[in-house]
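This report concerns the sequence and model shown below. Please keep both at hand while reading.

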Number of protein chains: 4
Amino acid sequence: MTTRINLMNDYNLVAHERVLDSLQESLAVRFEGYGADAETARAKAALSERIQCPQAAVHFLVGGTQVNLTAISAFLRPHEAVIAPHTAHIATHETGAIEACGHKVLVHESPHGKLGPNEVIASVKQHTDEHMVKPRLVYLSQTTEYGTLYSQAELRALRAVCDEHDLLLYIDGARLAYALGSPHSDLTLPLLAELADAFYLGGTKNGLLFGEALVICNPSLQADFRHLIKQRGGLLAKGFLLGIQFNAFLKDDLYLELAATANALAAKLDGGLKALGYDFALQTETNQVFVIVDNAALPKLHEHLMFEEWQQLSSEQTTIRFVTTWKTTESDIQTVLDLMRPPAAPLASD
Amino acid sequence: MTTRINLMNDYNLVAHERVLDSLQESLAVRFEGYGADAETARAKAALSERIQCPQAAVHFLVGGTQVNLTAISAFLRPHEAVIAPHTAHIATHETGAIEACGHKVLVHESPHGKLGPNEVIASVKQHTDEHMVKPRLVYLSQTTEYGTLYSQAELRALRAVCDEHDLLLYIDGARLAYALGSPHSDLTLPLLAELADAFYLGGTKNGLLFGEALVICNPSLQADFRHLIKQRGGLLAKGFLLGIQFNAFLKDDLYLELAATANALAAKLDGGLKALGYDFALQTETNQVFVIVDNAALPKLHEHLMFEEWQQLSSEQTTIRFVTTWKTTESDIQTVLDLMRPPAAPLASD
Amino acid sequence: MTTRINLMNDYNLVAHERVLDSLQESLAVRFEGYGADAETARAKAALSERIQCPQAAVHFLVGGTQVNLTAISAFLRPHEAVIAPHTAHIATHETGAIEACGHKVLVHESPHGKLGPNEVIASVKQHTDEHMVKPRLVYLSQTTEYGTLYSQAELRALRAVCDEHDLLLYIDGARLAYALGSPHSDLTLPLLAELADAFYLGGTKNGLLFGEALVICNPSLQADFRHLIKQRGGLLAKGFLLGIQFNAFLKDDLYLELAATANALAAKLDGGLKALGYDFALQTETNQVFVIVDNAALPKLHEHLMFEEWQQLSSEQTTIRFVTTWKTTESDIQTVLDLMRPPAAPLASD
Amino acid sequence: MTTRINLMNDYNLVAHERVLDSLQESLAVRFEGYGADAETARAKAALSERIQCPQAAVHFLVGGTQVNLTAISAFLRPHEAVIAPHTAHIATHETGAIEACGHKVLVHESPHGKLGPNEVIASVKQHTDEHMVKPRLVYLSQTTEYGTLYSQAELRALRAVCDEHDLLLYIDGARLAYALGSPHSDLTLPLLAELADAFYLGGTKNGLLFGEALVICNPSLQADFRHLIKQRGGLLAKGFLLGIQFNAFLKDDLYLELAATANALAAKLDGGLKALGYDFALQTETNQVFVIVDNAALPKLHEHLMFEEWQQLSSEQTTIRFVTTWKTTESDIQTVLDLMRPPAAPLASD
């Protein structure tokens, strides 16, 4: 059982060796508490430099839900609401954390996990008076929950709509590194900082023990933010653990290297499966592969692989999700391809 | 302008004469505060008798949004959510009041403003683990926001689903009197008390200055409810104003008489318009008539009538809403019918 | 029992005759909903004129707790807190309504129900970093819960401290009319509008059925306020009921006349009791008299009067509270004085 | 500067070596997400065994504020409040996190950081009706924020009051290990589990990178708790990091060994300072020493030591706090004693 290849998700390992080593090397050091230490300052400076946004405020937190709820509840007044795709993590998999902070999440159908300007405009137009919440913040994810990517042009179009309707643009970057490290993406960190009011760069799903770097680009949203982190339970006593890890993460662009490795292996898996004749529910753009398999093949796959059954399509077929990481190997991919060859064709498939 | 017939809504008059008279007659009386007075006790007893549910707790509040938010937030734990039709007042026209109390509202498409067992079951089945909110309360309105009615059979089916999945059933009764006073309804107050965990009987839209009677049928939901009313700002200092009004409302079944009058006039309007060849967006079951008119006819209608343009259907047609009340007259209805005859007859257009 | 003179509180009558008459006279009128009607507009204009603060926004609501929670939660960000005297209504008798909206109330001992600049400064100095809430709004009441008054000099001193520390100044005016109608007060409506960021003028305790007029003087606090009223359940469907009542309230300065009557009778009661040798727990400045009586006298007093036992001072003595209203009569006062003469005279005890 | 001895706090080191080694040894392992892994299960079992409370539910979280706000908001209905000493961490240093979840914290003066039965009873008696919050949960800390300890007898007395008044008893155990490892304490883990409805055993301040083990002893408080952790942002994706660390923490009672080391050194420091004639603001019972020094001595102390100035007592004297940890050495203590000898001897000052 333990020898099954794990393609279940990208947060099933303790951390990348270099990250843990950096903690090991700090064992004898005494640090200031609550992120007031030198390592954290250095990590913030390193990230700021990459972002090229001198006015940005950087905060390190533990976990994406914590970042989302702290930031969004800090940015909104009580009657203001979030516009999001129906696939948004905050809408589906954070146990109503945004509502628990008092705010409605207005969702729009989004087949590929992506929100478009038309949906945003529709929300704004529907909410016309004081009997309705007031849309104020657009939430999207890069990469999306479906592994897809916003292009620079798409993000610029959303920004234009936000500007026109006085909306904030917030980007959930739990898997942002995979986007930054993808050949399919033309969005860099400086561009994100230019276009978003706030975004975060996630570390948990790309080699850190834990840690997400929230970047608040818009100065009007920065005041007293540490109060809000503390109030929501997110101010780590040993904040230096985040600083140390992010220094390792950013050093020699480790975060990009890890993401690129995972992306390349996902691309290889995608290509191999395509060659074997498989269909896909979504285009593979980062480290997630959504491939359609015959239900009859599932038991054998489960025997050798760990993966998620994403959506049952019919009594015949299911979309399954493979997630690669920096720890995935070429050999793993080859094993999967061997295992799935031929898909279900005994000899006479249609 | 002031002589236009007002069919805009059912809360545009101060109150029914008998209601205001009852206040006038109490001018010299000194009352206990906060609903601890004898008039309130008498009104609660009168309502309890009609409900035939001795274990029920009755509370009088000001306004439907206040009732909904106080009750729902009292009944739920932080991670618990509401299941509602997409037309639900709490989902669309209460400025996110339920979310402001911390709870997500899960909505389902409901063409006639009504929720069915399948939608409820779908919500329950979608929310399977701790990453998602936990559906706990089914919200529906009788009559619905579209003027339609749940039958006894429909409500029993919903109750059965609630029992099976440990859900509470809550009924928004802002216009409940119109349902109770409708020949199309087979749901009585005792049946509502039997089937719902809580419901309210609204007075604001049927002749009171203000006032809604919340009935909490389920004893496990009753504890400390006055604390919660006070905390949400709903405990009226002069609570006796609610008691006095509800006594007038219940005396000789005034509430039913007023509703029946309005319903009968709506039926007459509906019948007359049908005879004139009009189509309807929804069936007329209570005091709301949703009729489809040519956009070309709108200016003339607005000149003589006050009503709401409910939904633009096309560049040609719009659904408009007429709302009758106890104050609407036969003559009003006749005027409307005269005005709308013929609907779009080419020969006789003016 | 019913013939006991009622000095329990100032909200035990339906309303002043002229207020109820104004509703009676409007029975045939059709109004716009939710406060968009002409009567409400007229009442706002009338109040604005008295306030002499053209940039102020006026909103009519039902009930002081509703006003307090709606305004304070609208004005504060999540980590911001209220500074208040320990006697503050929001701190003691609103069931944690402010906390239920997410905000801490920082209280200071205040023997006479009044907060001073030193207390405010102490709060600011104690809250120095992100581990603590950030004081942002000073709450006080005029008249206070103890019937006492802030002078113009005292309020100016508080305003200066607020300006220095970037604090908002909010005044709960549930009994503001009694202050405005008191010879002991040098604070007018225009001065309040000049010194406070927001305040309200209560009607419930001075002759209205219900109704408080919230005045938001500071333009930066005005945005989207109707959204917030609706979200907290305070937007009355028949908002015109508030407009009609406030027009009656302001006409010929009825509100001042009623308050002055009550104040004068309280002064008379105070003077009479002083002449009889009674001591007082607090100075009588408005319509509340806090007199110290022997416990032995309580049964007889309760037999003939309705009043509140405010605080038991010892096994010998208790402070009791008499509250006068516009409906209290000279004869009532004389009866009380007769009843309490002599306070503890051994010869004449019954 | 970096060679100053650090007695500032007990969370300034990455972690104990054995804790970090346990992570290092797990680098190649793939784990289930969100705490569903075998290491976490093993850690829960190990803790449950020590607690001897089979019905208890154990959850691992990151950070004390997160634990406090998640647990307390899970246990209370909206109108229910917390009773706490005025020194309580939730009352002073968590930025109003409990209020942000909607609940009032009622505080009592507590000179030694400890709450007694009389304070609890006073709170209950003061809150008599629906205009006031309802006290429902008693919060205390073991060890307290002042380093002091509740005895078994004291805790039993509080439990009795809680039982009498239907109150929950919750114990913040950020520094519980120091209590358990103190010769001054007669409270064991099984006794805590018997007497408290819930408590937590903190790891962050005693050698872990991070991590607190919440123990919910009362089965009626356990339902859906993972939903609530997730909603508040506290469900760590890599939950196994907590399981691994707690296994190291509990193995061979490492947590007690570390605490006992720190306590012994604090006792030695306390004894040495007493011998030198110093006075103390509080009795030294665990790893915190609150000693009173002359203000004139502060510069020199700061030059060689890192510590907190706890409270300025006068223009002459200040209470300072020394905190020892498992990493503090005998030599450190000797250095401090040498430095502080003699306390204020005029002849021998340098």
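This is a predicted model: local features need pLDDT of at least 70, side-chain atom pairs count only at pLDDT 80 or more; totals for chains, interfaces and linings use all residues.

Residues are numbered from 1 along each chain as its sequence is written, and chains are lettered from A and ligands numbered from 1 in the order in which they are written.

**The sheet of chain C**

In chain C, 7 strands form an open sheet with mixed pairing, in the order β2-β8-β7-β6-β5-β3-β4. Strands (E, at least two residues) and helices (H or I, at least four) are DSSP runs numbered from the N terminus; strands pair if DSSP finds at least two bridges between them. The edges of this sheet are β2 (57-61) and β4 (105-108) of chain C, each pairing on one side only. On average, neighbouring strands are turned by 25 degrees against each other, direction ignored. An antiparallel pairing over 5 bridges joins β2(C) to β8(C), residues 212-216. Within β8(C), C:Leu214 stands opposite C:His59.

**Helices on the sheet**

Contact requires C-beta atoms, placed from the backbone, within 7 Å. Angles run from 0 to 180 degrees between N-to-C directions, with axes fitted to C-alpha atoms, for helices over the stretch in contact.

| Helix | Strands touched | Angle |
|---|---|---|
| α2(C), residues 38-51 | β2(C), β8(C) | about 125 degrees with β2(C) |

**Contact between chains A and C**

Here 13 residues of chain A are in contact with 13 residues of chain C. On the chain A side, α3 (64-75) and α10 (225-231) each give two or more residues, and α10(A) gives the most, with 5 residues.

Note on methods
Two residues are in contact if their C-beta atoms, placed from the backbone, lie within 7 Å.
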